[in-house]
Amino acid sequence: MASISHLAAGALCGAIYARRTGTRPLPAVVGFAALGLSPDLDFIALEMGLDHTPLGHRVLTHSLTFSVIAGVAIGAVVAPRAWRALACVLCVAALASHGLLDALTANGPGPRLLWPFSSQPLQFGWHPLPGTRSYQEYFTPAAIPVFVGEALWNIPLLVGTAWLLLRPGRAHGAGGSPSHE
């Protein structure tokens with residue numbers, strides 16, 4: 001899969017966080033977009049010969065277990081106390097969206113969403129997201145239709161993100177304090 005879906009899902013989480021907390025939107029959107037893409041850093045394992053281990057592509061970093069543990073840890077570290085629960089939930093969502101979107105992708109084995117409880121790759125029965133057959137193809141002209149198809153598929157996520165960021169008013173103002181405190 002091209003990276004647009006991962007970035008768009010993460011960006012939507014960032015827009016929700018910025019909207020709810022009244023924080024600056026750009027850092028939130030960029031940070032959460034990067035978080036949504038980050039499970040693909042496991043491609044480094046390909047170069048290190050670790051692809052058939054838990055560190056390989058679409059195993060550990062694509063699992064829901066990793067999403068929960070890493071998402072809660074990241075949210076707890078980066079968010080102010082008043083917004084920690086929201087940050088944790090959205091960090092988990094951004095990370096989990098990666099593996100779930102990969103399970104909707106054509107070509108290649110699905111992610112191991114249930115690792116370490118199961119090593120079985122999982123794919124949903126519907127594959128609306130185009131995908132390349134390999135990382136090598138990802139960087140060739142053959143990937144252009146993949147990027148175009150994925151960009152079109154992501155229009156609702158991108159419109160939702162823009163709507164959250166551009167509509168007037170903020171839930172709690174620039175201070176970022178929830179109204180119940």
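**Cys 13 and its surroundings**

Mentor: In this predicted model, Cys 13 is in contact with Phe 32, Leu 90, Ala 93 and Ala 94, leaving aside its neighbours within four places in sequence.

Trainee: What makes Cys 13 count as buried?

Mentor: The relative accessible area of Cys 13 is 9%. Buried means under 20%, so Cys 13 is buried.

Trainee: Why is Cys 91 called buried?

Mentor: Its relative accessible area is 3%, and the cut-off is 20%, so Cys 91 is buried as well.

Trainee: Which residues have the most contacts inside the largest nonpolar core?

Mentor: They are Cys 13, Tyr 17, Phe 32, Leu 35, Leu 90 and Ala 94, in a core of 14 residues. Helices H1, H2 (25-37) and H5 (84-102) each supply at least two residues of this core, and H5 gives the most, with five.

Trainee: How do you know that the length of H1 agrees with its 18 residues?

Mentor: At 1.5 Å a residue, H1 (residues 4-21) should span 26 Å; its end C-alpha atoms are 25 Å apart, so the two values agree.

Trainee: What makes H1 mostly covered?

Mentor: Of its 18 residues, 13 are buried. Just after H1, Gly 22 takes a positive phi of about 75°.

Conventions. Residues are numbered from 1 along each chain as its sequence is written. This is a predicted model: local features need pLDDT of at least 70, side-chain atom pairs count only at pLDDT 80 or more; totals for chains, interfaces and linings use all residues. Side-chain values use heavy atoms; hydrogens and water are left out. Helices (H or I, at least four residues) and strands (E, at least two) are DSSP runs, numbered from the N terminus. The expected span of a helix is 1.5 Å times one less than its number of residues. Buried means under 20% relative accessible area, exposed over 50%, partly exposed in between (1.4 Å probe, protein chains only). A nonpolar core is a set of buried Ala, Val, Leu, Ile, Met, Phe, Trp, Tyr and Cys residues joined through side-chain atoms within 4.5 Å. Contact means heavy atoms within 4.5 Å.
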